[in-house]
Amino acid sequence: MYAINNSWWKGNDQVLLGWKNDDRLLPWIRNERLLRSVYALFLGQVISFLLALSSFFSSSVIDLGVNVPLTHSFFAYLPLVLVFGTIRLGRRQNIRVSWLYYLYLGFVDVQGNYLVIKACQYSTITRVTLLECWTIPWAMILTWMVLGTRYSIRQFFGAALCVGGLASVFLSVAGWGGGEGSKPLLGDTLVMAGTLFVAMSNVGEEFCVKKKDSVEAVAMIGVCGLLVSGCEIYVLELETLTSIKWSPDIVLGFAGHAVATFLIYTLLPFFLKISGATMFNLSLLTSDLWVVVIRIYFYHQKVDWLYYLSFATVAIGLIIYSKDDGGSNIAAFEDQNLNAHYQELSEGRGGCRN
């Protein structure tokens, strides 16, 4: 494990060690594996709730007649650049990872978010939500191939239980008979491509935060994501932006989405370091259920009992999966011929070290 020096960004290992050595805690809690599992489960649900909050704000903007997903992404990356970019510049160090690698992460991150949102124009929300679950097998395949992660039978069962819990409630409540959208095949293709891009982004960032520098990773993904989304806005959304009649509600929607997404990217390295991309995507399955909770609070909507059953099923699946979650074998990744893509700092420099 590495520690990040000369910054406020503290490693998860230090937090867990403090909990473990706290005499006020009960003896049965002093178990590092248990603490890691509880910490990952809690942090995953915090991020899932923030994702639901960002979806709520973005959907509120769409309800006002403004559909510009790339612009949402642009304003989400902007605070990452301002905050983490400033911290990174203050260190006055060379980047540890090639800028081409970060450009790749920024590109796939932008495309993943855009394609999934774009698919909603051609397919139903039920189909999109269910097909988004493909992020999980993509993440498992990529972490196995690239990072050397090995999964147990119990983890496969826990992952299947999570997906099944979410799928059952949407199939039962919405069903497949309510229409398939204007172009269901195109919508399904966009979702599948989007989930692959999202998984590629998550796995790539997992490597950076576990073996390189978390602050640098977030800052550079913000910079590259800002550049990529800015270029695509000029091509795809500029005309729409010029025709928007801005109002306080629209500005509030953009601001709320940006703040929630900024918090997600801030907490994500903590989660990926202690767990991994697969557990992260499993945790996000509850975001659709958190959206329902938010709508209950704001709009006082009634909820079918199947939502509560689905939430409990996903939670049980996460607990089962986390019991064997030992993280990725990053060393296996480094043993391959990829070291040419990374610039190691000289021994005399301070900052992040392996």
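**Helices α3 and α9 and their surroundings**

Helix α3 and helix α9 cross each other in a left-handed manner, where left-handed means that the near helix is turned anticlockwise from the far one by less than a right angle, and right-handed is the clockwise case. This is a predicted model, in which local features need pLDDT of at least 70 and side-chain atom pairs count only at pLDDT 80 or more, while totals for chains, interfaces and linings use all residues. Residues are numbered from 1 along each chain as its sequence is written, and side-chain values use heavy atoms, with hydrogens and water left out. Helices are DSSP runs (H or I, at least four residues), numbered from the N terminus.

**The contact of α3 with α9**

- Two packed helices are described by the angle between their axes and the distance between the axes.
- The axes of α3 and α9 come within 7 Å and cross at roughly 145°; axes are lines fitted to C-alpha atoms, for helices over the stretch in contact, with angles running from 0 to 180 degrees between N-to-C directions.
- Sorted by class, the contact of α3 with α9 has 16 nonpolar, six polar and four charged residues, where Ala, Val, Leu, Ile, Met, Phe, Trp, Tyr, Cys and Pro count as nonpolar, Asp, Glu, Lys and Arg as charged, and the others, Gly among them, as polar.

**Salt bridges**

- The structure holds two salt bridges, a salt bridge being a side-chain nitrogen of Lys or Arg within 4 Å of a carboxyl oxygen of Asp or Glu.
- R88 forms a salt bridge with E216, and the closest N and O atoms are 2.8 Å apart. This pair links distant parts of the chain, since R88 belongs to helix α3 (residues 69-91) and E216 to helix α9 (residues 214-236), 128 residues apart.
- Both R88 and E216 are buried, where buried means under 20% relative accessible area, exposed over 50%, and partly exposed in between (1.4 Å probe, protein chains only).
- R91 forms a salt bridge with D213, with the closest N and O atoms 2.5 Å apart. This pair also links distant parts of the chain, with R91 in helix α3 and D213 in the loop between α8 (184-211) and α9, 122 residues apart.
- R91 counts as buried because its relative accessible area is 13%, and D213 is buried because its relative accessibility is 1%.

**Residues in loops**

- R92 lies in the loop between α3 and α4 (99-119), and R92 has a positive phi of about 55° although it is not a glycine. R92 counts as exposed because its relative accessibility is 72%.
- K212 is found in the loop between α8 and α9, and K212 is buried because its relative accessible area is 2%. K212 and V97 are 115 residues apart in sequence, and their C-alpha atoms are 7.7 Å apart in space.
- Y151 has its place in the loop between α6 (135-147) and α7 (153-173), and Y151 counts as buried because its relative accessibility is 19%.

**A nonpolar surface patch**

- Y234, V235, L236 and L238 make a nonpolar surface patch of about 450 Å²; patches are made of residues with over 30% relative accessible area and no salt bridge, with like charges joined within 9 Å and nonpolar side chains (Val, Leu, Ile, Met, Phe, Trp, Tyr) within 5 Å. Accessible areas come from the Shrake-Rupley method with a 1.4 Å probe, and for residues only the protein chains shown count as cover.
- The largest share of the nonpolar patch, three residues, comes from α9.
- L238 is found in helix α10 (residues 238-242), and L238 counts as partly exposed because its relative accessibility is 38%.

Definitions and conventions
Helix = DSSP H or I, 4+ residues; strand = E, 2+ residues; numbered from the N terminus.
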